[in-house]
Amino acid sequence: MQADAPFALLALLLSCGTGSPPAQEPGWTEHEPARSTRRVYLSSSTGNDTNDGLTPDSPKATIPAATRLLRTGNPDWLLIKRGDEFRSGLGEWVRSGGSKCAPMVVTSYGNGSARPLFRCGVDDGLTMHTTAIHDVAFVGLHFVADAYDGGNGHPYGISLLSPCTRVLIEDCKIERFGTNIRFQGADHRNLELRRSVIADAFTTGKAHSQGIYVEALTGCLIEECVFDHNGWRPSVDGAVPTIFRHNIYVQGDTKKVVIRGNVIARGGSHGLQARSGGVIRDNLFLANSISLLVGSTTGNDGALQASVIGNVMLDGRDIDAAEPRGWAAQFQCLASGEIAYNVAAHQVSGTAPLCFEFNSKAGAGINNVDFHHNVSYRWGGGVSLSGTHFSAFEFRDNELQDSGSSALIRADSESPLAGISTANNRLHTGAPAGAWMFFNGRQLSLPAWKTLVADDTSVAQQVAYKNADETIAEYDRATGGSGSLDSFLARVRNQSRANWNDRLVGTNVAAHFRGNFGVVVP
């Protein structure tokens with residue numbers, strides 16, 4: 001876990017007065033039972049509800065019998081036997097822990113690496129809808145909607161609607177629900193989703209299926225998870241991608257958002273809609289129709305701040321034949337932001353490619369944004385500057401390198417130029433010399449563009465990179481896979497604490513691909 005995580009373990013331990021953190025595996029949240037902790041054991045294979053449930057040798061057999069032994073307001077632990085299966089979810093959760101330093105913990109025990117599996121049928125996996133909950137950690141659990149066909153309701157894997165504070169979901173796998181996770185409610189505070197696998201949410205109805213939907217909360221961390229193929233399922237008739245179905249959707253009324261180090265792949269439309277702004281760092285985006293959107297659609301939520309650093313976007317995809325895409329990143333309604341050290345490369349699947357889009361038509365426009373040290377390589381589409389509401393937008397030290405015939409930068413009217421400054425960019429495209437840029441309805445050469453924006457330092461230069469053409473399939477083969485996108489994603493979907501491979505973590509894969517382009521985040 002990086003030092004700037006808003007709810008980092010070190011800060012938590014120091015705030016609890018322990019002085020220094022205990023020895024731990026890097027990146028995992030470590031929990032230690034308190035003196036007053038009651039340990040309750042649950043096993044579908046060896047348990048019996050006549051047992052006391054207080055030792056591994058005398059577990060309860062059913063979820064209600066075990067949870068009744070937990071004392072709300074105490075740091076009790078519910079331990080569920082690894083490899084066991086249950087024919088329902090955990091149900092409605094109504095118990096809180098003692099404090100942020102002494103949470104209630106729901107986790108596993110025993111030998112083996114398989115998480116306890118909750119086969120939820122067509123029902124929800126875990127809900128907090130009726131009682132305000134605080135200080136609970138759900139660790140190492142697996143929820144699947146194994147009888148859901150996309151049309152029989154819209155189940156949620158984990159759904160938080162009642163006020164929740166300091167709830168952690170870590171090392172969990174949640175798959176095949178209508179929406180896999182929902183954090184929704186104005187009174188939520190400090191919710192964390194870490195190192196979990198969120199996959200294959202879908203619906204055949206009119207609902208907007210999401211990997212995770214986040215709305216109206218303060219403090220949300222999504223870190224080093226895997227989001228794959230949420231919003232659609234080709235094997236189910238009618239479970240199609242649409243512009244409303246995404247891997248991650250964070251509404252603009254959410255505050256203090258950090259989304260860091262995730263693998264975000266094959267979303268129905270967007271890999272990530274961060275209408276909230278916030279910190280978006282070191283994520284790996286693969287084959288999404290639109291990898292990333294930052295900013296609201298209107299001014300209703302106010303202009304936003306964003307820090308978008310060190311993300312890597314590889315390839316794209318059309319939503320469908322009627323909605324061609326292949327877009328890397330969109331930005332809008334920003335009061336301020338830094339967008340830097342990001343790489344967009346190898347777009348071959350989307351038929352309407354667009355690299356970085358700055359849409360000043362939405363809300364407050366684009367203001368006080370420093371866009372620097374970003375790389376676009378063989379994306380097939382350039383940078384778009386749309387609308388007339390640009391102010392203090394600095395476009396510097398970027399490398400736009402394409403071999404196609406598209407313009408590198410497109411501005412749709414004369415008005416934006418007064419609010420835009422450009423400098424020290426290295427530019428190259430296969431387009432004719434007079435068509436490197438597009439401005440106000442006409443093609444321009446690079447020298448003509450530089451004159452318009454008073455840029456004395458940007459140059460026409462084809463940059464020689466160390467290993468720019470490496471694909472995710474090649475990376476997969478080099479790290480032990482069979483050498484394909486499918487193989488890479490199958491492997492990351494098997495990540496767990498018991499089966500962890502650092503070379504498959506979004507943080508590290510993004511750093512590897514940035515290194516191919518010589519991009520080093522300070």
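**Exercise 1. Charges over rings**

Arg 195 lies over the face of Trp 28; determine at what distance from the ring centre.

*Solution.* The structure is a predicted model, in which local features need pLDDT of at least 70, side-chain atom pairs count only at pLDDT 80 or more, and totals for chains, interfaces and linings use all residues. Residues are numbered from 1 along each chain as its sequence is written, and side-chain values use heavy atoms, with hydrogens and water left out.

Step 1. The criterion is that NZ of Lys or CZ of Arg is within 6 Å of the ring centre and within 35 degrees of the ring normal.

Step 2. Arg 195 is placed 4.7 Å from the ring centre of Trp 28.

Step 3. A further case is Arg 325, whose charged end sits over the ring of Trp 327 at 4.6 Å from its centre.

**Exercise 2. Aromatic pairs**

Classify the geometry of the pair Phe 439 and Trp 449, and then that of the pair Tyr 475 and Phe 513.

*Solution.* Step 1. A pair of aromatic rings is described by the distance of the centres and the angle of the planes. Rings of Phe, Tyr and Trp (its six-membered ring) pair if their centres lie within 6.5 Å; planes under 30 degrees apart count as stacked, over 60 as edge-to-face and the rest as tilted.

Step 1. The structure holds 20 aromatic pairs. In one of them, the ring centres of Phe 439 and Trp 449 are 6.3 Å apart and the planes stand at 70°, so this pair is edge-to-face.

Step 2. Phe 439 belongs to strand S40 (residues 437-439) and Trp 449 to helix H3 (residues 446-453), so the pair ties together parts that are ten residues apart in sequence. Here helices (H or I, at least four residues) and strands (E, at least two) are DSSP runs, numbered from the N terminus.

Step 3. Buried means under 20% relative accessible area, exposed over 50%, and partly exposed in between (1.4 Å probe, protein chains only). Phe 439 has a relative accessible area of 2% and is therefore buried; Trp 449, at 3% relative accessibility, also counts as buried.

Step 4. The pair of Tyr 475 and Phe 513 is tilted, with 5.8 Å from centre to centre and 50° between the planes. Tyr 475 lies in helix H4 (residues 472-478) and Phe 513 in helix H6 (residues 506-516), so this pair ties together parts that are 38 residues apart in sequence.

Step 5. Tyr 475 is buried at 4%, and Phe 513 is buried at 0%.

**Exercise 3. The loop between S18 and S19**

Describe the setting of Arg 233 and of His 229 in the loop between S18 and S19.

*Solution.* Step 1. Arg 233 is found between strand S18 (226-228) and strand S19 (246-250). Its relative accessibility is 22%, so Arg 233 counts as partly exposed.

Step 1. Not counting residues up to four places away in sequence, Arg 233 touches Arg 176, Phe 202 and Ala 239. The C-alpha atoms of Arg 233 and Arg 176 are separated by 9.1 Å, although the two residues are 57 residues apart along the chain.

Step 2. Most residues other than glycine have a negative phi. His 229 has a positive phi, near 60°.

Technical notes
Contact means heavy atoms within 4.5 Å.
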